[in-house]
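Welcome, and thanks for taking a look. Below is a short tour of a structure, grouped by topic so that you can follow along in your viewer.

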Amino acid sequence: MRIAHKTEKSGEGKDCRNILSLHCKLCAQSAHIKKFNPEEMRLAHDDLRSFLAAIRKSGDLVSVDQEVDWDQELSGIGRLGCERNGPAFLFNNIKDYSPGWRIAANPIATWRRMAVAFGLPADTHVRELYDVYAEREQKPVAPVLAKDGPCKEVRIAGDKANLFDLPIPMVHEGDGGRYLGTWDLVVSRDARSDWVNWGMYRFMIHNERLLTGFPRPTSHLGKMLLDGYVPQKRTMPIAIAIGCDCLSHLAAAATFRIAGNEADLAGGLRGKPVELVKCETSDLYVPASAEIVIEAEVYPDRVNQEGPYGEYPGYRSGEMGNAICARVTAITHRRDPILTLDTTGFMDSSATSTSISGAIAIRRRLEASGVPVTAVYVPPEGGVHLAIVAVRKGGAEVAQKVVNTLTVRRALISKIIVVDEDVDVFNVSAVLHAFATKCHPGRGIHVVRYEGRANTLTPAYDQEERAARSGASVALDATWPPEWPRDGTPVRATLDSMYSPEVQRRVLERWSALGLGK
Amino acid sequence: MAKEFETFARDSARLLSGQEVVMTLRDLSPGRTKYRGINVRAVVSRPPRPGEPTLWIRSVVGNRDPQPCSVRIVEELPESFEGIPYSDFFEAMQRAERR
C-alpha cells in the first residue's frame, strides 16, 4: 500500500511504499483534501500545546503553579472540575517530580473545550459540533510520515526505562494502581492484515517496566490480540501516545468500523493530515507531536493484576483481573513533557468525546438499517449508557428495531429513549418530559438480552454478568403509536404546539419587547 | 515508619486462612515508587503480628477493610503470572499457589 511521506526540505507529500495500511494523499484521498475549507485548516491545532494556549485564551484553562500531589490531589481537583463543569487544569509543579514534568487534566471534558479543539468559537452549540464532526468524518485525510518529530526529543531505551520517572497519577483513592492511559492513543496493528488501530485504553503501572491494561476483549485491540497474536504465541507491539493533538485522541476514542484507520479519521477531523513518526522498537507509527510515547509489547501468555478503576460510567464497578500485560521497550518524550490525564468518572473527557462520535455512529447504523432516524444525542450525563434517538415515525416496531440494531456486535449503550422528531434531542428537559409522559409503562419497554458482548463496566450488572459479559439493553418508546388517529393523539401544551402561529409570533415579539431575550 | 502494603481480594477469607497464599502487593511507602506492585507468596495475619509490615485488604470495588492485617513475605515471585490475556487473574494466582 502507499503512504505519503513528508520530505524534510519541502514538507510536501511524496509517494512511496510502506508497510502501513495508510492511504496515499496524492491518490485516493487527494480529492477530499482539496474540499476542505482553508479557514478550518488554519484553525486546527497541531499539538496539545497550541490547544492549551487556545483554551487559556478562551478562559477555559487554569494553570496551577503551586506544588500539587500526584497521589490523588491533582486528580481530585480535576474531578471536581468535571463535576462542576469547570475548566481544564495545567499542573506545573508536581510533588516528587522535577518542574520539567507537567500534567494537563481533562482536555475536552466540556463542549466549550471540544469546540476549541475543532477550531471553532468556544460558545459553539453542541448541535453544531455534532454537525461539524459528522461532516469532517466523511472526509478522511491520510497521515503523512516525518523522519523526526518533537516526541523524539528525549529517547530512553528499554533497559533504562522507568515508569516511575513519569508523574503518573493515582487518580482515585482505592484504584488498583497508578494509571498512565486515561487520555491516550494506543496504536496496534493486526497480525494478519494492514489494519492499524488507534484506541483509547486504560493502562496501569505494575513496576518500572510492566504495565497492565484493559482494552476490552471486544475492543479492536482486544480482537487483534486474541485473533492474531495469542494463537501464534507472539508478543503484540503497541505504542501508547500521550498528549497528542486533541482531535487525534478524539479519533482514537471514536466508535469506528473494524478495519478502519483512525489516523485517517483524525486527519479528517483536523482538516489536515496527522504527521507520524516511526517507533524506536517496532514498525508502528505515532503522532509526531505526542508529548510522551510508551512503546511496549503485550504478552500472549502472561497476566497480572489490573484494576479496579473508577471508570467513565461514573463508578468503580469491580471489573478487575481480566486484562492484558505488557512490557515497556522504550520511552520517548518531548522536552518539558505534558502528561495528559482524564480524571475519569462522571462528566469526564470520554463522556463528551464518546457522546459525539458514538451518537454519529449510532445514527449511521440506524440509517443503514432503515430506521427513520432524524437525530441522535448521547448526553454526557448518561455516562455513555444512554442514547436519545428521534424518529420521523415511531411505534413499537421501530423502537424494537432500534435496540436490535444497536446491540448486534457489542452493546455499550444500554438505555435508548426513542422520541418523535418534534422533540429536540439536545434539550434533555424536553426529552425527559416526553419519556415521562409518552412512554407506556407496559407496552413501551423493549428489552434485548445478550451473552458475550455486554459492557462489563455497566454498574447495574452483577459480578457474574460481568464475568460472562451478559447483559441487556432497553428501548424506551416515547413516541406516539403510529396507528393512533391524529384526532385522538394528545397535543403537547407548549407554546410551539398549542398556539397558533399568529399567537406565537405576537408572544415572541412581546417577549422580546419586555427585554427577556429572543 | 513501618512498611505498609495493600492488596485486592475477591475472597478475603482465602488471604486470612493462615496458609501461604500467592498475592500481589502494592507498596504504600511514600515517594515516587508508591503503589509499586510485587507478586509474592506470603502469610497474612489478623490481628497484625508485631514486627511484620501492615497489610490493608481492599475489595474488588476498592473499598478498604478497616481492620488491618500484617503480612510475612515468604518468597518474591516473577512479575507476572502464566495465563492468556483476559484470563482470570485470581485463578492464575491460585494456579501459581499450587505449584
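**Briefing on the two chains**

Where chain A meets chain B, the contact draws 33 residues from chain A and 29 residues from chain B. Please keep in mind that this is a predicted model.

**The contact between the chains**

- On the side of chain A that touches chain B, α7 (220-229), β16 (302-303) and β17 (324-333) of chain A each supply at least two residues.
- Sorted by class, that side of chain A has 15 nonpolar, 11 polar and 7 charged residues.
- Strand pairing crosses between the chains here: β16(A) runs antiparallel to strand β6 (residues 81-82) of chain B, with 2 bridges.
- In that pairing, A:Arg302 has B:Glu82 of β6(B) as its bridge partner.

**Chain A as a whole**

- Chain A contains 15 helices and 23 strands.
- Its C-alpha atoms fill a box of roughly 75 × 55 × 50 Å along the principal axes.
- The radius of gyration of chain A is 24 Å, which agrees with the value near 24 Å for a compact globule of 518 residues.
- Of the 518 residues in chain A, 55% are buried.
- If we take the contacts in chain A between residues at least 6 apart in sequence, 72% of them join residues at least 24 apart.

**Helix α7 and what it packs against**

- Which residues of α7(A) are buried? They are A:His220, A:Leu221, A:Gly222, A:Met224, A:Leu225 and A:Tyr229.
- These buried residues pack against five strands of chain A, namely β8 (184-189), β9 (196-199), β12 (236-242), β15 (292-298) and β17.
- Recall that α7 and β17 of chain A also each supply at least two residues to the side that touches chain B.

- Why is β12(A) described as largely enclosed by the rest of the structure? The reason is that 7 of the 7 residues of β12(A) are buried.
- From β12(A), A:Met236, A:Ile238, A:Ile240 and A:Ile242 point one way, while A:Pro237, A:Ala239 and A:Ala241 point the other way, and all are buried.
- β8(A) is antiparallel to β12(A), and 4 bridges join the two strands; A:Val187 has A:Ala239 of β12(A) as its bridge partner.
- β15(A) is also paired with β12(A) in the antiparallel sense, here over 7 bridges; A:Pro237 stands opposite A:Glu297 of β15(A).

**The two domains of chain A**

- Domain 1 and domain 2 of chain A contribute 12 residues each to the contact between them.
- On the domain 1 side of that contact, the residues divide into 4 nonpolar, 4 polar and 4 charged.

**A five-stranded open sheet in chain A**

- An open sheet with mixed pairing has 5 strands in the order β19-β20-β21-β23-β22 (chain A).
- Which strands form the edges? They are β19 (373-377) and β22 (445-450) of chain A, and each pairs on one side only.
- From one strand to the next, the twist averages 20°.
- β22(A) pairs antiparallel with strand β23 (residues 471-478) of chain A over 6 bridges, and A:Val447 stands opposite A:Val474 of β23(A).
- Helix α10 (residues 349-368) of chain A packs on this sheet and touches β19 and β20 (386-391) of chain A. The direction of α10 makes about 155° with that of β19(A).

- A:Glu464 sits in helix α13 (residues 463-468) of chain A.
- Is A:Glu464 buried or exposed? A:Glu464 counts as exposed because it has 8 C-beta neighbours inside 10 Å, where the cut-off for exposed is 12 or fewer.
- A:Glu464 and A:Leu180 are 284 residues apart along the chain, and their C-alpha atoms are separated by 28 Å.

**The barrel of chain B**

- In chain B, 5 strands close into a barrel in the order β1-β2-β3-β5-β4, with mixed pairing.
- Ignoring direction, neighbouring strands of this sheet are turned by 55° against each other on average.
- Strand β2 (residues 20-27) and strand β3 (residues 36-45) of chain B run antiparallel and are joined by 8 bridges; B:Thr24 stands opposite B:Asn39 of β3(B).

Note on methods
Residues are numbered from 1 along each chain as its sequence is written. Chains are lettered from A and ligands numbered from 1 in the order in which they are written. This is a predicted model: local features need pLDDT of at least 70, side-chain atom pairs count only at pLDDT 80 or more; totals for chains, interfaces and linings use all residues. The radius of gyration is taken over C-alpha atoms; the globule rule is 2.2 Å times the number of residues to the power 0.38. A residue is buried if 20 or more other C-beta atoms lie within 10 Å of its own, exposed if 12 or fewer, and partly exposed in between; C-beta atoms are placed from the backbone. Two residues are in contact if their C-beta atoms, placed from the backbone, lie within 7 Å. Ala, Val, Leu, Ile, Met, Phe, Trp, Tyr, Cys and Pro count as nonpolar, Asp, Glu, Lys and Arg as charged, and the others, Gly among them, as polar. Two strands pair if DSSP finds at least two bridges between them. Axes are lines fitted to C-alpha atoms, for helices over the stretch in contact, and angles run from 0 to 180 degrees between N-to-C directions.
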